[in-house]
Amino acid sequence: DPAAVEADFYRVKDLLRAEERQILDRVREFLVEKVEPVAGELWLRAEPPLRFIPDIRELGITGTHADDPAVFPRRYLLNGLIGMEMARVDPSFATFFGVHNGLGMGSIRVCGSEEQRKRWLPQMVRWEKIGAFGLTEPLVGSATSGGLTTTARREGSTWVLNGEKKWIGNATFADLVVIWARDVADDHVKGFVVEQGTDGFAARKLEGKIALRSVHNAHIVLDGVRVPEENRLQHANSFRDTARVLKVTRGGVAWSSTGCALGAYEAARRYATERIQFGRPIASFQLVQDLLAKMLANITACQSLAVRMAQLQEEDRLDDAQAAMAKMFCTTRMRETVAWAREVFGGNGILLEHDVARFFCDAEALYSYEGTRDMNALIVGRAATGHSAFV
Ligand code: FAD
C-alpha cells in the first residue's frame, strides 16, 4: 500500500491544491536528491547546511507563502507539510530553516512595524540576511515569561543591552539576531534586532551536542551592546507579544516532529523488509509488524491533528493552548516512534550509518525546544482547569 509506505495513510496531501502540491513535490525532490545523501555526513561534522541556501532561494519557499493568503489560502497546511518533509529527511535542516523562517522572520513579521518589515523581510526572503531568535538564557529556560535577566536600558534614541543567551540557533553566522530583553524602566520584555558584528556582541558555538548536530547553537554574551530605537521591534511590548511568535513556531514543531517520526518509520520499514532472520524478512514477524503499525498510527494521528491546527491558523483562530497541545502531543508521539524504529534495527540501530540513529538523537532536541513537553502540558493544563501550575 503506497499510502502506508509513504506514511501518508489518511492522504493528508490530497488536501493541497494542484499548484501547492507541485511546490511540495519540488521541495521533496530537492531534499531527496541533495540533502539526503549528505545529511549524515554534515551531522557528524556538525556542519550547518549553508551550502543549500541557493537551492532554498530558488525553491521560493521562504516567508512568501505565509504572507499572502490571497495566493495561498491553504498556506499553513502547505508550510506545515514543507516543514514535515524537511524533517523527514533531516531534522537539522528543518531546524536551520525554521529558525530563520519561523523564529527570526516570524518575530519581525509579527512584532515589527510596517517600516521594519519592509526594511528586513525582503532581504531575509532571499537569504541575503539570515535571522536568529535569542530568548533562552543560561540560567533561565522554561521560566522566560517572567524571569529574563538580560536587560535593556534606554539612553535617548539608543538602547543598551546586557546579559547572556544560550542555545540560540544560527546565531554564530546570522546577520540579524532578535534579542529579547527586559526593559529596566517598565519591567516588560521587548525585542531588539541586533546586527552581527555590533560592538559588545559575541556568539560562541556550543560544542558536543548529541542532537541536531548540524545546527549551530550559540552562547551569546551582550556586553553593553548599543541598538538604535529603530531596531526595537515596535509591536513587542511584553512577553505576550513574544508568545504570539511562539504560537506559530510551536505549530511548526508539531509538523517537524511528525516529519522526524516519519523519517525514522520509513527507515525501519525498509530495514524490516530487507533484514533476514530465521530465514524470513523480519517484516513478516507479528511483533515487528506491531511496532510498524503503532508507528504509522502515531504519525497519522499527528498529521490529522496538525491538519486541523492549520485550518484554525488559516482562520486566525488558533490559541496558545491549542498550539501547545500540538507541540506536546506530536513531540511525545515522535519520541515513542523513533525509539520503536530504532528497536526494529536491533544493534544496527545505534550505528550512525543507518539514518535511524540520527532521527533517534535529533528527536531529543525537538522534544525539549520551543518549550519542553512539560511547559506545553502546563499551558494545556491551565486551559483545562483555570489554574496556572507553573510556580
Ligand atoms: P529548564 O527550564 O532548566 O528545564 C529543565 C527541566 O525542568 C525540563 O524537563 C522542564 O520541563 C522542567 N521544568 C522546568 N520548570 C518546570 C515546572 N514549572 N514544572 C514542571 N517541570 C518544569 N532558545 C532560543 O531562545 N532560541 C533558539 O534558537 C533555541 N534553539 C534551541 C535548539 C536546541 C537544539 C535546544 C536544545 C534548545 C534551544 N533553545 C533555543 C532553548 C530551548 O527553548 C530551551 O532549552 C527550553 O525552553 C528549555 O529550557 P532549559 O533547557 O533551560 O530547561
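Two strands count as paired if DSSP finds at least two bridges between them. Keep that cut-off in mind. And note that this is a predicted model.

Start with strand 4, residues 176-183. Seven bridges join strand 4 to strand 5, residues 189-195, and the two run antiparallel. Within that pairing, Trp-180 has Gly-191 as its bridge partner in strand 5. The hairpin of strand 4 and strand 5 has five residues between the strands. There, Asp-187 takes a positive phi near 70 degrees.

Strand 4 has other partners. Strand 1 runs parallel to strand 4, with four bridges. Phe-133 is bridged to Val-178 in strand 4. Strand 2, residues 151-155, is also parallel to strand 4, with two bridges. Thr-151 stands opposite Arg-182 there.

Is strand 4 enclosed or open? Seven of its eight residues are buried, so strand 4 is largely enclosed by the rest of the structure.

Now the ligand. The shell around the ligand has 21 residues; Leu-135, Gly-141, Ser-142, Thr-372 and Asp-374 come nearest. Strand 1, strand 3, helix 12 and helix 13 each give two or more residues to that shell. Strand 3 gives the most, with three. By class, the shell has ten nonpolar, nine polar and two charged residues.

On to helix 13, residues 373-385. At 1.5 Å a residue, its 13 residues should span 18 Å. The end C-alpha atoms are 18 Å apart, so the two agree. Just after helix 13, Gly-386 takes a positive phi of about 80 degrees.

Last, the annotation. An unreviewed UniProt entry places "domain: Acyl-CoA dehydrogenase/oxidase C-terminal" at residues 243-384. That stretch is 78% helix and 3% strand. Its end C-alpha atoms are 19 Å apart.

Methods. Residues numbered from 1 in each chain as written. Predicted model: local features only at pLDDT ≥ 70, side-chain atom pairs only at ≥ 80, totals over all residues. Expected span 1.5 Å × (residues − 1). UniProt positions renumbered as here; feature names shortened; annotations may be inferred. Near = placed C-beta within 6 Å. Nonpolar A, V, L, I, M, F, W, Y, C, P; charged D, E, K, R; others polar. Buried ≥ 20, exposed ≤ 12 C-beta atoms within 10 Å, placed from the backbone.
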